[in-house]
Amino acid sequence: MSHAPIDQSAAWQALAEHAAAMRGTHLRELFADADRGPAFMLRAAGLTLDLSKQRWSDETLARLLELAREARLPEAIRALLTGERVNVSENRPALHSALRLPPDASLVVEGQDLVPGVHATLARMADMVARFHAGQWRGATGRPIRDVVNLGVGGSDLGPLMVTHALADYRPADVHRVDVHFASTMDGSQLVAYLSRFNPETTLFVISSKSFTTIDTLSNARTARDWLVARLDGQEGVDEALVMRQHFIGVSAKPEKMSDWGIAEANQLEFWEWVGGRYSLWGGIGLPIALVVGMAHFRELLAGAHAMDEHFATAPLAENMPVLLALAGIWNVNFLDIRAHSILPYDGRLEYFAAYLEQLEMESNGKSATHDGREVGYSTCPVLWGQLGPNAQHAFYQLLHQGTQPVVCDFIAPLRRYDDVEDSATREHLKAQHRLTLANCFAQSRLLMLGDDAIDEEGPRPGHKRYRGNQPSTTLLLDRLTPATLGALIALYEHKVFVQATIWDINPFDQWGVELGKQIAGETERILASHGGHERMDASTRALVEAVWQAEAAGDD
């Protein structure tokens with residue numbers, strides 16, 4: 001149903017007028033209120049969210065909440081979590097939250113309770129993990145599998161990669177060790193590096209692809225299959241069918257395509273069309289996570305995400321962590337014209353979190369058309385980028401503090417770490433390092449906020465040393481980095497994305513910009529291979545194609 005664009009609403013116009021006044025207000029002025037810190041702080045699901053360093057006031061937040069109600073946000077949240085077809089361009093629900101429901105829950109969508117199917121997949125996954133951890137999943141020659149390589153791209157790679165790295169401390173100690181690796185690049189460079197080192201007798205590949213047609217993933221899978229068959233087929237009692245059965249697992253929404261490719265039905269994990277790829281780590285795509293941390297910790301990850309789902313569903317808008325995080329982003333992008341957003345974790349275990357959020361947010365909300373196909377007249381998703389904060393301090397913080405581009409930052413850190421180190425001297429040394437890390441985290445956000453006023457010096461500073469401050473930031477603190485708090489953190493950002501998409505009136509659950517690129521790439525590959533048809537291309541691409549042909553011809557000489 002067509003409706004007036006959100007930027008023509010009374011709530012948007014009131015915010016635009018309010019922003020004109022707020023642009024001249026420095027954060028140091030806002031912090032004249034001694035109660036500001038606690039007033040803009042929330043706690044939920046083991047997380048503490050500090051939004052006090054955003055360039056907003058009580059009035060700003062009240063007006064933003066009115067905008068959220070104008071966009072019918074409470075109704076949208078209910079529609080998302082109850083399985084309405086919120087993915088309107090593909091006419092399906094977006095029910096990644098259903099993957100985290102406990103087994104005694106019920107979610108009936110269009111006449112079917114989804115929970116039993118979700119937990120049937122988790123049970124099959126648990127059986128697989130138990131076999132690996134008992135050393136009972138054996139390759140074609142009878143040796144236990146030692147290395148598992150996940151072949152996926154996008155959400156089938158970034159999510160499991162990020163979580164397995166973040167939770168590596170939770171690897172069970174009393175099981176057969178299985179090392180998990182990730183190969184996603186289309187050029188095969190990551191995969192070839194593994195194949196040069198691994199023993200084919202003890203290596204298994206997980207092919208993760210929702211459609212089971214992703215060219216990047218299937219190209220790597222074919223290389224893996226050829227490598228295994230060439231080295232194992234022909235050994236005593238080994239044939240290609242045995243190799244396929246013992247060395248491949250498939251995860252997809254297309255079981256028939258997995259079977260056609262040669263993956264045994266017992267080695268297939270299903271996920272559903274109503275789960276987007278970048279939201280899929282909570283189910284079968286999370287098999288690499290469960291192989292690293294064990295199924296009990298994987299279920300804790302799900303429980304932490306579910307706790308955030310419950311908070312999102314029940315907390316009033318003014319006390320709702322994903323809602324307020326999203327509204328801060330709306331304020332920065334649409335009213336303060338800040339279109340760059342940096343993700344800065346202060347914990348080495350979260351090394352891949354910025355890359356994960358880059359896909360989650362920019363593939364979801366990098367849209368310029370509303371639900372009914374109109375071109376938007378306002379900015380949507382900012383450019384996200386980031387790195388581990390302690391390393392970034394020696395890289396791009398110079399731009400944050402003294403550059404000409406306004407940037408909003410998310411600082412993320414655990415409050416506690418190293419409590420469980422057994423040796424007391426080592427524990428105290430590591431805890432001191434953690435305090436130093438937190439000191440840097442807090443100092444950077446304070447300096448971004450206050451600028452020169454954060455520095456205890458007398459007299460004016462020369463221009464090349466001057467810090468203007470007034471750069472907004474958010475600080476997110478985890479009680480500790482555990483499976484549960486990581487689950488809550490990821491779910492927090494998932495729901496933030498949905499809230500912003502609701503206000504911008506865009507669909508965060510499709511990615512047609514990605515699909516068109518794949519289509520054009522397929523056409524170009526056929527031209528490169530056939531040495532014909534390039535005359536229909538633009539002059540630049542035609543010259544590039546000809547350069548490839550010339551290089552190939554030179555190599556054949």
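The expected span is 1.5 Å times one less than the number of residues. Helices (H or I, at least four residues) and strands (E, at least two) are DSSP runs, numbered from the N terminus.

Before moving on, please note that this is a predicted model, in which local features need pLDDT of at least 70 and side-chain atom pairs count only at pLDDT 80 or more, while totals for chains, interfaces and linings use all residues. Residues are numbered from 1 along each chain as its sequence is written, and side-chain values use heavy atoms, with hydrogens and water left out.

**Around H15.** Now colour the buried residues of H15: Phe-353, Ala-354, Tyr-356, Leu-357, Gln-359, Leu-360, Glu-361, Ser-364 and Asn-365. Buried means under 20% relative accessible area, exposed over 50%, and partly exposed in between (1.4 Å probe, protein chains only). These buried residues pack against H7, strand S10 (340–345), strand S11 (383–386), strand S12 (408–414) and H19. Contact here means heavy atoms within 4.5 Å.

**The largest pocket.** Next, select Ser-211, Thr-214, Gln-511, Glu-515 and Lys-518, which lie nearest the centre of the largest pocket, out of 42 lining residues. A pocket is found on a 1 Å grid over the protein atoms alone, as an open set of points where a 1.4 Å probe fits, with protein on both sides within 12 Å along at least five of seven lines; lining residues have an atom within 4 Å of a point. The largest pocket holds about 1,000 Å³ of space. Its volume is the space filled by probe spheres set on the grid points, which are joined across faces, edges and corners.

Helices H7 (155–166), H9 (215–232), H15 (353–365) and H20 (512–530) each supply at least two residues of this lining, and H20 gives the most, with 7 residues. By class, the lining has 13 nonpolar, 18 polar and 11 charged residues. Ala, Val, Leu, Ile, Met, Phe, Trp, Tyr, Cys and Pro count as nonpolar, Asp, Glu, Lys and Arg as charged, and the others, Gly among them, as polar.

**The second largest pocket.** Move to His-3, Ala-71, His-371, Thr-502 and Asp-505, the residues nearest the centre of the second largest pocket, which is lined by 25 residues. Helix H5 (73–82) and helix H19 (483–504) are the elements that give two or more residues to this lining. H19 has the largest share, 4 residues. The volume of the second largest pocket is about 790 Å³, and its lining divides into 14 nonpolar, 4 polar and 7 charged residues.

**Aromatic stops.** The structure holds 18 aromatic pairs. Rings of Phe, Tyr and Trp (its six-membered ring) pair if their centres lie within 6.5 Å; planes under 30 degrees apart count as stacked, over 60 as edge-to-face and the rest as tilted. Show Phe-205 and Trp-227: their ring centres are 6.2 Å apart and their planes are at 90 degrees, so the pair is edge-to-face. Phe-205 sits in strand S7 (residues 203–208) and Trp-227 in helix H9, so the pair ties together parts that are 22 residues apart in sequence. Phe-205 and Trp-227 are buried. For a stacked pair, pick Trp-272 and Trp-274, whose ring centres are 5.1 Å apart with planes at 5 degrees. Trp-272 is buried at 16% relative accessibility, and Trp-274 is buried at 14%. Then select Phe-205, Phe-212, Trp-227, Phe-248 and Trp-261 together, as they form one aromatic cluster.

**Helix H14.** Select residues 321–335: the 15 residues of H14 should span 21 Å at 1.5 Å a residue, and its end C-alpha atoms are 21 Å apart, which agrees. Of these 15 residues, 15 are buried, so H14 is largely enclosed by the rest of the structure. Phe-335 lies in H14 and is buried at 3% relative accessibility. Leaving aside neighbours within four places in sequence, Phe-335 is in contact with Trp-12, Leu-15, Ala-16, Ala-19, Arg-23 and Ile-330. After H14 comes Asp-337, with a positive phi near 60 degrees.

Most residues other than glycine have a negative phi. Arg-72, in the loop between helix H4 (58–70) and H5, has a positive phi near 60 degrees and is exposed, at 52% relative accessible area. Glu-110, in the loop between strand S3 (108–109) and strand S4 (112–113), has a positive phi near 50 degrees and is exposed at 56%.
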